[in-house]
Amino acid sequence: MSISRQRNRVKRHKKIRHAISGTTKRPRLSVHKSLKHLRLQLIDDTKHKTLVSSTSVGSKPPTVTEASKLGEDFAKKINELGVKEIVFDRGGYRYHGKVKAIAEAIRNNGINV
């Protein structure tokens with residue numbers, strides 16, 4: 001990603017973060033993607049704690065189908081915590097492809113996004 005595109009993504013992410021935050025009852029799901037990996041975190045912003053995290057590190061670069069599998073595994077971890085609603089933070093990335101696959105996989109497992 002070029003430097004100007006990266007800066008624009010960071011600007012979008014800051015705008016998004018200004019508008020949303022996670023609470024104890026409705027934590028924030030943060031998505032970070034790089035060229036090689038995807039990282040997901042469930043964050044309680046009031047306590048400044050990461051509740052659950054998941055990553056695709058250790059496997060080959062993820063495709064859309066692997067991103068949806070990662071989302072399903074992450075949804076199972078969220079269900080173990082007893083959380084039914086989350087706030088989705090797409091991290092400034094466009095809502096398509098891998099980011100969309102993650103969100104839909106989590107919704108299909110009974111969590112309101």
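Q: What makes strand 1 and strand 2 a pair, and in which sense do they run?
A: Two strands pair if DSSP finds at least two bridges between them. Strand 1 (residues 28-33) and strand 2 (residues 38-44) are joined by six bridges and run antiparallel, so they count as a pair. Strands here are DSSP runs of E with at least two residues, helices are runs of H or I with at least four residues, and both are numbered from the N terminus.

Q: What kind of model is this, and how are its residues numbered?
A: It is a predicted model, in which local features need pLDDT of at least 70 and side-chain atom pairs count only at pLDDT 80 or more, while totals for chains, interfaces and linings use all residues. Residues are numbered from 1 along each chain as its sequence is written, and side-chain values use heavy atoms, with hydrogens and water left out.

Q: Why are strand 3 and strand 4 called edge strands?
A: The open sheet has four strands in the order 3-2-1-4, with mixed pairing. Strand 3 (49-55) and strand 4 (87-89) each have a single partner strand, so one side of each is left without a neighbour in the sheet.

Q: Why is serine 30 called buried?
A: Buried means under 20% relative accessible area, exposed means over 50%, and partly exposed lies in between (1.4 Å probe, protein chains only). Serine 30 has a relative accessible area of 14%, so it is buried. This residue lies in strand 1, and its bridge partner in strand 2 is glutamine 41.

Q: Which residues is serine 30 in contact with, leaving aside its neighbours within four places in sequence?
A: Contact means heavy atoms within 4.5 Å. Serine 30 is in contact with Arg39, Leu40, Gln41, Ile43 and Asp89.

Q: What covers the buried residues of helix 3?
A: The cover includes strand 1, strand 2, helix 2 (64-81) and strand 4. Among the buried residues of helix 3 are Val99, Ile102 and Ile106.
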